[in-house]
Amino acid sequence: MVPAAHPRDVLAGFVRARVDDRVLFAEDVDEAIALVADQVSGDVVMLDVRADLATSTASPGFRVVAAQVDLAHTLAAVEAEFVAGDAELLIVPGVVDSTGEVLPLPRLAAIAHRHGARLLVDAGQLAPRRVLNLTSHGIDYVVLSGATIAGFGPAALIGRGDRLPQADSVHVDGSVAHGFAQAALAIADLGFDWIGLHEESLSAVVDEAVRALPGARRLRLWPDARDRVGLTEIAVAGRFEPVPIRWGVGTGHKEIARQLDVLAHVVFEQEAS
């Protein structure tokens with residue numbers, strides 16, 4: 001009988017880690033990111049794809065680059081930040097949470113490496129939906145969320161071990177680590193091609209429904225972003241807060257219909273006010 005692979009080895013394989021990469025567990029995504037950022041002696045550049053920069057600028061040594069009018073200008077702004085001053089680490093999200101747009105991680109890795117820095121990707125929303133390959137994409141560190149992959153559990157930091165602490169920042173029970181790893185295996189077994197097609201088919205349903213609702217539109221951050229996952233927010237005319245819609249591996253047409261019914265209620269309630 002072949003012994004079961006260690007959860008750390010499974011998670012490393014899930015993101016195609018290099019042979020000498022390490023896997024550490026942390027309480028949550030923020031703590032996992034801190035395991036890397038706290039080891040950096042120089043500046044950290046952070047790409048912020050939200051409108052609110054308040055929390056991102058709280059830490060000394062963190063230089064924030066705001067998203068620009070399109071993806072091409074955003075990448076240029078990141079490059080310009082490194083030209084303006086040395087930094088050791090670039091932190092980016094895998095996707096824009098509010099629009100589902102996927103960031104071009106190999107291009108961001110190339111920018112960081114050109115300036116002697118490393119790339120850390122918060123892949124909490126990306127990992128269950130798209131292939132991550134630390135080796136071929138040039139990603140130095142990636143953070144996975146047990147909450148999005150397994151529905152429970154800690155975060156996992158995977159990447160180059162030369163600048164990482166020697167131990168996890170949190171104790172993780174063996175059964176929890178095993179469940180995290182098994183959920184990652186289940187996603188890989190489904191196949192990312194199938195996952196992408198499934199999300200795309202539901203995205204078409206969302207787009208068709210939104211077009212039929214007066215004053216509703218699906219938000220986009222960058223008109224030149226090529227790929228989107230199953231996360232979006234719908235702006236409704238006259239309403240300050242957009243309406244979020246989410247779908248993924250376990251989402252069927254019934255669940256999407258329920259979320260669209262909520263959106264329709266908001267739209268017609270807004271029209272009546």
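# Reasoning through helix packing and burial

Reply: In this predicted model, helix α1 (residues 7–14) packs against helix α7 (residues 174–190) at an angle of about 30°, with the axes 9 Å apart.

Me: What makes α1 roughly parallel to α7?

Reply: The angle is about 30°. Angles under 35 degrees count as roughly parallel. So α1 is roughly parallel to α7. The crossing of the two helices is left-handed.

Me: Which residues of α1 and α7 make the contact?

Reply: From α1 come Pro7, Val10, Leu11 and Phe14. From α7 come Ala177, His178, Phe180, Ala181, Ala184, Leu185, Ile187 and Ala188. By class, that contact has 11 nonpolar, 1 polar and no charged residues.

Me: Where is Asp9, and why is Asp9 called exposed?

Reply: Asp9 lies in helix α1. Its relative accessible area is 53%. Exposed means over 50%. Therefore Asp9 is exposed.

Me: How far is Asp9 from Val229 in sequence and in space?

Reply: In sequence, Asp9 and Val229 are 220 residues apart. In space they are 27 Å apart, C-alpha to C-alpha.

Me: How do you know that α8 is roughly parallel to α9?

Reply: Helix α8 (residues 192–211) and helix α9 (residues 253–272) pack at an angle of about 25°. The cut-off for roughly parallel is under 35 degrees. So α8 is roughly parallel to α9. Their axes lie 11 Å apart, and the crossing is right-handed.

Me: What do α8 and α9 bring to their contact?

Reply: α8 brings Leu202, Val205, Val206, Ala209 and Val210. They meet His253, Ile256, Leu260 and Leu263 in α9. The class count is 8 nonpolar, 1 polar and no charged residues.

Me: Why is Gln259 called buried?

Reply: Gln259, in helix α9, has 9% relative accessibility. Buried means under 20%. So Gln259 counts as buried. Leaving aside neighbours within four places in sequence, Gln259 is in contact with Pro244, Ile245 and Arg246.

Me: What makes α3 roughly parallel to α4?

Reply: Helix α3 (residues 71–84) and helix α4 (residues 105–114) cross at roughly 15°. That is set against a limit of under 35 degrees. So α3 is roughly parallel to α4. The axes come within 10 Å. The crossing is right-handed.

Me: How many charged residues does the contact of α3 with α4 have?

Reply: The contact has 3 charged residues, along with 5 nonpolar and no polar. In α3, the residues are Leu75, Val78, Glu79 and Phe82. In α4, they are Arg107, Leu108, Ile111 and Arg114. Glu and Arg count as charged.

Me: Is Arg118 buried or exposed, and why?

Reply: Arg118 has 14% relative accessibility. The limit for buried is under 20%. So Arg118 counts as buried. Arg118 is found in strand β5 (residues 118–122).

Me: What makes the pair Arg118 and Tyr141 a polar contact?

Reply: Their side chains are joined at 2.8 Å. A polar contact needs N or O atoms within 3.5 Å, one able to donate a hydrogen and the other to accept it. Not counting residues up to four places away in sequence, Arg118 touches Tyr141 and others, including Glu88, Asp140, Arg160 and Asp162.

Notes: Residues are numbered from 1 along each chain as its sequence is written. This is a predicted model: local features need pLDDT of at least 70, side-chain atom pairs count only at pLDDT 80 or more; totals for chains, interfaces and linings use all residues. Side-chain values use heavy atoms; hydrogens and water are left out. Helices (H or I, at least four residues) and strands (E, at least two) are DSSP runs, numbered from the N terminus. Buried means under 20% relative accessible area, exposed over 50%, partly exposed in between (1.4 Å probe, protein chains only). Contact means heavy atoms within 4.5 Å. Axes are lines fitted to C-alpha atoms, for helices over the stretch in contact, and angles run from 0 to 180 degrees between N-to-C directions. Angles under 35 degrees count as roughly parallel, over 145 as roughly antiparallel, 65 to 115 as roughly perpendicular and the rest as oblique. A crossing is left-handed if the near helix is turned anticlockwise from the far one by less than a right angle, and right-handed if clockwise.
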